[in-house]
Every structure is written in C-alpha cells, then in structure tokens.
Amino acid sequence: MKMTTRVAFDNMKYYKNRNILIGITIILTTMLLFIVPAVGRGMLEIQFAVTDRLYPSWHALYRNVDEETARKLAVHHDISKFGLRSDAGYMNLDEASVVMMYVDEAGMELYKMAPAEGTIPRREDEIVVSPGILKELGQQGDIGDTVTVPYQIFRGGELDLTQQKEFRICGFFEDSEDNYEKRVYTALVSEAFLKNEIPKDEIAYRFLLQIGDEDKPTTDEIEDRIKNAAEQFGIPESEININTDYLLANYVDPAMVPSIVLIMLIVMLAGAITIYSIYYVSMNQRIREFGRMKAIGATKRQIRQIVLREGLCIAAFAVPAGLLIGTFVSREVIEWLLKFTDSEAMEAFAETAREVLADGEVNLCCWWVYLLAAAVTVCTVYFSLARPMHMAAKVSEVEAMRMQTAGKNRRSRRKGYEFLSIGRLTLRNLTENKKKSAVTIVSMAATGVFLMVVATVLSCADPRESADNSLVGQYEILPDIEEYNKEHPERKWSEIQKDNPLNETLRQQIEALPGVERVDVFSSLRVDGDVFSEEEGNALNGIPQEYAKELEKGITEGKVTYEELKTGDKVLIDEAIKYWHPELKVGDKLNLRIQDGGRTFNKEVEIAAIGDYRNGLTNFDYLIMAKEAVDRLSEYNSSRYFHVIADKDYDQTLEKKLQDIINASGRMSMRTWKAEYEQWRTALATTRGASYAFLGILAAISVMNLINTMINSVHVRRKELGMMQAIGMSDSQLMKMLQLEGLFYTAGTLAISVGLGSLAGYPVFLYAKKHGMFNISAYHYPAAAAIVVSIVLLVLQIALAAGISRSVRKNSLIERIRFSE
Amino acid sequence: MKMDSGKILAVDGLVKYYGTGENQVRAVDHTSLEIERGKFTAIVGRSGSGKSTLLHLIGGLDRPDEGKVWIEGKDIFALKDDRLAAFRRKKIGFIFQDYNLIPSLNVWENIVLPLGLDNRKVKREDVQEVLEKIGLTDKEETMPNALSGGQKQRTAIARALVTRPAIILADEPTGNLDSQTELEVMSLMKSCVTDFGQTLVMITHDEMIAQMADRVIEIADGKVVSD
C-alpha cells in the first residue's frame, strides 16, 4: 500500500468519532442521491408500463376530419401509421350511455381494442356489443343472434331522433368494472352502417396517428410535428388531441431531466457544505500533525493526498452502504407513493401499477442510477475536501510545531469581565472561535432556509382552501343540463328555465333541513354574440348580495360597486377571459345575445371592471352581474345554482337528505365540498409526505454538523474542561456550559433559518400562486414547520449536550487533566 | 477519627490500586498522615512512588479504593460529585506543573474563575492585593499565550490563593521553570504561607525545595517511609 494511503487509512481509524459523522453524512447523501433518480425513474417506468397497458397508442387525433382530408393526411411524410374512427351515434337508453362507433382495423390496433370473441363488423347490420350493453338493452343473445337497438344518429353536431334497427351480433367486448359502475359502454358498428346513416360529406372522422420515430424525437418535437401536419391541412389547434400520457411514457420529456438534476444539485450542496464544515471545524486540531509530517519530509502534494484519501477511504465504506439502504428505501417509497395514489380517481392506475410491479415488468434497480449516485457522491466528497486539502498543505512546519492550537493573530491582551459566570465563560469560548461558530451556524442554516421555503409553499397548499375555491358553501345543487341533444330538447338550459327544479319551494325545503344555515341562489343566463361564438357561448352569472364584498375585493382593473352591477348595464369580467381575449379592456362595450326561455334578445353592456375570482364563484363563466340584474333580464326562473351553506363542512345525515331530494327529482345533481376536499387532500398528502421526508433526510445531514462541532469543541478542550473541574466546576455547571454552547448554535441556526426562510418564503409563495401550483391562493405562514424544526433542534441539542458531558465524565478527572493533544 | 484543632488535614488508611493481577500498581498503599494548619509540607519521593496520586486523592480529584480524607473535619469522599466540586473550589487551591490556565481567558479572568464558579462576588481590592503580592498588577488583561512560564505559574498561584482556601496543593509547581524563576516562584509560595497563613502541601523531587519546607514526608511504593 502506498504510504499516503496507509497514513490516510490509519488517520481514518484514529479520528473515528469525526469520521463516523462524515460517514453518516456520506451515507445519507448517497442515499438521497440514489433515491431521487431511482424513485423518479421507477415511478416513470411504472407509469410507462401502466400507460402501455391502459392507454391507446396513437400519438394524437384530429377531430372533425372529412374523408378527403383523411386521405391526404394518410400520405403525410411525418405520419407513420394512422387509423380512422367515427361516432355514428348513441343507443337511446334511459340511464346508460352506449356510443356506437366505427373504427377501422388500423384504428382498432392504435386503440388497443379487440373483441374478446368474434370478429369486427363488416356488414351494415353487424355489431360488436358487450354483456353489459345487452343487459342495458334488456335483451339476450350470442354471436349470430339478432338484437333490436334503439339509437340516435349524430348528424350536423346534434343527436337526431330515435330510430330502431335489428343488428346481428358478430363479436363481444369485455366489460370493465368501470363500465358497469358508470354505465358507459362502447359498441362497434361497420363502415357500411356509418356511410348508410350519414351522408358521405357529413361524416366527421377522428384521424388517429403516430408520428415516425426513426430519429428518436423528444415529446416536444413530436408535438411540433403533430401541430405542423394539422396546420398544413387547416385543422385548428382546438381540434387536436395529443395523447400526452402515451407520449411521455414512450419518449423522453425534456422538462423531466432538469428537475431531477436540480434536486440532486441541492442534495450535493447540502452534503458538501456539511462535510466541508466538519473538516473545517476539526482542522485546527490537526494542524500540528500535518506540520510534523512536513517536518519529517512530506511534500504538499502528499499532505493533500493524505487528506483526500482519508475522505475517499470513508466514502469507500459509506457509498456502498448508502446505495444498499437507498435500494430498500426507494422500493418502499415507490410502494408508499402508489398507496397514496390509490384514490378513487387513480384506482385503475394504482391497480395496474401493482400488477406491473408484481409481474416484475419494471425493474427498479438500474445500473446507471447506482453509477450516477456513486459518482455524484464521490464528486461531492472531492469538492468538500478541496479547501481542507489546501489548508493542510499550507501549514508551516515551525508554526504548527510551536502552537498547540494554531490561530492567526491571537491577541496578547484583551479586556475581560471583572466577574465570571457560566454564561460569560460560554460566551468567551464562542467568541474565541467566532469563525468556527459561524461556519457551523451558516451551514446548518442553509438547509434550514431551504426547508422553510419549501414548507411555506406546502403550508400554502391547503386542501381546505383549494376546496373552498372550487365550491361555494358545502353543497352545490344544479339542474341536469344538456345543450346539444335533439332527442331531449327539454334538457337545454333555456327550456329548463321554464320549469326550473331550483325553485322557491325547493329552497325553503332545503333551508328547513337541520344543519343548513342558508341557501345562496346564483342565477345564470346563456349568452353568445360579440366575442362569444354561437357554438361555445358563455353565461352571465347573477351573484347574490352576500358576495358583494368578495366581488369588489377581487377587482384588479377598473372600479365598480355591487350597486352599479344591479343596473344591468355593467358587467364585471373574470380575468381568465383575457387568456382567450387579451384585447378586452375596461370600458369596452359587449353586444350580447341573451337567451331566456324560448326568447333571445340583444343587450349592450359595458365592461366596468376586471377581477380575479375563485372558480366556485364563477363556475368557469366569465360575465358577472348582480343577481337582481340577471333576474330582471329574465322572464323565467334563472336560478342555476343552489349553494347550500351548512354549519358543518361535512354532515352525513344532511348529505343523505339532500341526495334523497335530488334522487327524487331525477333532474338535478350535486357536488359536495367534502368530495372536493378529499380529492385535494389526497393529492397534497403525497406531495407533502414526499417533500417532508426528503427535507428530513437533508436536515439529518446538516445535523451531523452540529454533532461534530459540539463534540469537537469539547474534545479540543478536554484538558481545559478538566482543569476547570479540578478548580471546582461541578458536573452540573459543566453540563450547563455545554447546553449554553449548544443553545447558541441552535438559536443562531433557528434565527437565520426561520428569519431568512420566512422572508424568502413569501416571494416563492407569490411565484407559486402566479403559476397556479397546488391551486395556492392565500399565504400561510408555515408555523407548524417552524415549531417542529425549533423543537427538534432544541431537543437534539439538549440530548447532545447531555450525551457529550456524560462521555466527558467517563474519563476520570485525573486522566483529563493529564490529557494533552 | 477525631481531629486535633491544629490539624487541617487528616488521611487515614488511604488505598488506591491501578490494574489487576500481575499488572497491579499499588499507587497509594494504606497511607495515613496529618497536616498542620499554616505549615508548608513537602512530599518527596521518586518518580512513580505514588506521591501525585496521593495529592490527587487529598484534593478530591480522584476517589480512593479504601480509606478516608478529612479536610477541616469534613470527610470529603462522603460528598457527592457536585458537592465535592463545590467543596474543592471553596477549600482547596490547586497549582499544577503545567499551569493549566484557560487559554481563552485573560489573567484577571483566570484568577477570578474559581470565585465565578462559586457564584461569589469578586472583591476588587482582595484580588488586587493578590495580584500585587505575586507581582502581576500590569498583566491583568494579558492573555496566557503572551506570558512567560514564571508569569503563568504566578497566575496559577494567584488563582489558588484568591478563594482563600483551607489548603493549597501544588504538584511540582516549578518543574517546568528555569532555576532563576524557580527560586522566585518558591519564595513567593513560601511567603504565602507566612503572610496569608496558608497551609501548603507540595510535591517535589527537588531536594533544595524540600529544604525550604517546615516538614518533609517521603513516600516510596505508595507508603510513607519517613516523616
């Protein structure tokens, strides 16, 4: 073994305590550096595998493409594979929804659809159904049998009147649980049927396509090509549907790599600062040792090598340990994340993910993640050692031999205290080692500030607020509306207005229920004209007096009072409209065509102000007036939403009673605050859990620093402390002194972490709010995080001081007094 | 054991062994002695004779395997650690060979440290008097690293004197000093005994120093061989 390696190895063993701390730091750093990419990659791989199983394989589809365009698109150079689908119509059933679609063979493949039995329909009267469809139809049959189907054909953007026809079953699809639960099914019909029912030039196809991937394009490039091809054939962007899930699953997303790199850089930084600081704090102690080595002939290079190799020797033990722990932890983390995604909405995903994991389809251990984590950790160790290496090499032989503790510019005189107490003694020691104390505090506070900033964002992401934002009150009751169904013209809002289930009787009935405080009625009228096209339209919201303050407070441009909104000539518009119509400004006039019952009339209104409102208030419509004004414009009942304000956020009895009322009417539906809340809560819990676990490990890394500083400060003063005890310092006084020293580090770290972290948290909150992260709307100080961090640090420091003073006492006073070096 | 009022310290059947079996070292082996108030006693013996261990036991820095030590009639090993520490800072002044000053404190602070640990008020005049006595009045604010060996030891003597202890224990206080300084320090210590009426017990292997003592006790193999 080379001499430098030998010395480095012996040093590693000699400075065992300190090197154990560095070892733990390296283990934790390696672990994080491994877990972050491993979990990221693992979750992606699982998602890809799940997507491959669940999602269709087309890259994009263009809606409303006619046959002629489809033929031209088919030969486009970027399109490698294509298929056609067209929805001929729906079976006319009371409750269930059964789409009758035609899909060609290539399309079937792109959709990953295939009948479980039989063949796809070719003749005009052939159909593929499922057992669920037969059940809904109330008929029975097997392949070759005939079924009678009532259906409405989709013509000119609307469902036509019901017809009836006999079909011969040529195949069966399997039903999923989801099909049964939601009562939504798909039946397959032939091209002949489609062309027979709908004139050729009226058939609207969905053109399914895959982009050629010979040149291994990224998702962004594929999306560009999809949009490009559409543009060449005059297909508007609104008619393009990109299969993002499938693309992300099979092609590299350029946004993914930088975020993983950023997180890893943060981990690297935390690890490097800690290792550097641990070395820095104990360097003085070793100055003599390096001086001696130089005196007996070690070169600067050799000294540097000794320091570096000592670090690398520790890494040689710690890195494999970190990788090993990381391997187990990352698997647990992935399973934990999957458990969290196991909400109703994600059931299919979580279930398939578990299948994928159990089948061993995804391999969580991947050689390059190990290599990456190990390489990055070794780099971290090297960077953190650069300065200690330089310091050790710079030591002058004579100076180092002469001085017990090398310190430059030691003062020979200093004013002192006339009277000494334990507190003053502590202060003396800390001020003597100002730079050391500062390095420890600053390096710990760096993690603390980062923790507080992340905690700010997380504490602002409140599922309660997100739910409040998406729903006014605890229950929202609204009539069932279908604007585009020829078979059910009575389901249009203008028709419902004439016989609106949301009437005064219902309101009183609900208000009489125990637990209901009041019912706030929001009116609405459909409008089009001016910037609103006839197809899309929009609505004029009539918001009641109770929300006057909220409306006025939300104004961001212009000025209008609730009283002025009662006139009916002025509207307040939601800021969101500017995304589609950036040209709109305060003072503009809108010429609206208002639909009310059967009648339509024009009205000119002025945009009095623009405001920023929660979706619960606007229900995603843009125009706002006072309820009184909207009601005045209407000759019918324009009550569109009943917002039930209850005394409790969730009351099972009340919800049941409301649900009974709704079920009895059969013409209304309900959204609940509780459901919204649950949805947000699950989503946030995962993010929060993962973030705090990550921050926790990061904090543990920086705590190694505190432990080292305190142990070191006692170690170098062992004799001094023994001396003080010899002349009468009691054990409890010693303990008190160590506690005070620790308290100083804790207080310093907390002051910077909490102080600076709170200040830095606010701009980050503003950024998160602006970019709609977690639906954040209000600033919440992360008090819980601040308290937890403070308590943990305090308890840790108290325990540490107790542990250290106990270990000091383990040696007898005599041993300590005699101790030198 | 009943103590004569003239005696300040009594040691009875003190035993301290280190190690076991063949490696056992009998550092102090059934030693008994008494020390008179206001006297300068020298304990002499060869290196490894157990004199330092005896001094440490007398000072309560270590606990014996057997035997008792009374200082001013108090059985010091009957005290718990914290009480013993408090007793030490009130009743015993220590002077060590390698001074053992606290490097982060200046001369004044080093001297008043035992008072601070005892939560006693510092009487400026008293400390000044001690400083004058040891000749360090102009060094109050000097840090230990800027002092000479003799000055360091004089500071340590001042620290031992400042609490007006019942007894001062010195462990080869001149071992690290040149002969000129040695003489200065010794005469200073001797004058403390006469001027302040202090009791001084000093370990030395220097014959000349032993000659200055009122009484010389010789130790060999952990036992008193001559008195």
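## Where chains A and B meet, and what lies around

The contact between the two chains takes 31 residues from chain A and 30 residues from chain B. This is a predicted model, so please read every value below as computed from it.

**The side of chain A that touches chain B**
- Helix 15 (422-432), helix 27 (718-726), helix 28 and helix 30 (813-818) of chain A are the elements that each give two or more residues to this side.
- Helix 27 of chain A gives the most, with five residues.

**Helices 26 and 28 of chain A**
- Helix 28 (residues 731-770) of chain A also meets helix 26 (residues 673-715) of chain A: their axes come within 11 Å and cross at roughly 145°.
- The crossing of these two helices of chain A is right-handed.
- Helix 26 of chain A brings A:Leu706, A:Thr709, A:Met710, A:Ser713 and A:Val714 to the contact, while helix 28 of chain A brings A:Leu738, A:Glu741, A:Gly742 and A:Tyr745.
- Five of the residues in this contact are nonpolar, three are polar and one is charged.

- Six strands of chain B form an open sheet in the order 6-7-8-3-9-10, with mixed pairing.
- At the edges are strand 6 (92-95) and strand 10 (223-226) of chain B, each pairing on one side only.
- On average, neighbouring strands of this sheet are turned by 25° against each other, direction ignored.
- Strand 9 (residues 215-220) and strand 10 of chain B run antiparallel and are joined by three bridges.
- B:Ala220 has B:Lys223, in strand 10 of chain B, as its bridge partner.

**Helix 5 of chain B**
- How does the length of helix 5 (residues 149-161) of chain B compare with what it should span? At 1.5 Å a residue, its 13 residues should span 18 Å, and the end C-alpha atoms are 18 Å apart, so the two agree.
- Helix 5 of chain B is mostly covered, with ten of its 13 residues buried.
- Among the buried residues are B:Lys152, B:Arg154, B:Ile157, B:Arg159 and B:Leu161.
- The cover over the buried residues of helix 5 includes strand 6, helix 3 (107-117), helix 4 (124-134), strand 7 (167-171) and helix 6 (179-196) of chain B.

Definitions and conventions
Residues numbered from 1 in each chain as written. Chains lettered and ligands numbered in written order. Predicted model: local features only at pLDDT ≥ 70, side-chain atom pairs only at ≥ 80, totals over all residues. Axes fitted to C-alpha atoms, helices over the stretch in contact; angles between N-to-C directions. Helix = DSSP H or I, 4+ residues; strand = E, 2+ residues; numbered from the N terminus. Left-handed = near helix turned anticlockwise from the far one by under 90°. Contact = placed C-beta atoms within 7 Å. Nonpolar A, V, L, I, M, F, W, Y, C, P; charged D, E, K, R; others polar. Pairing = 2+ DSSP bridges. Expected span 1.5 Å × (residues − 1). Buried ≥ 20, exposed ≤ 12 C-beta atoms within 10 Å, placed from the backbone.
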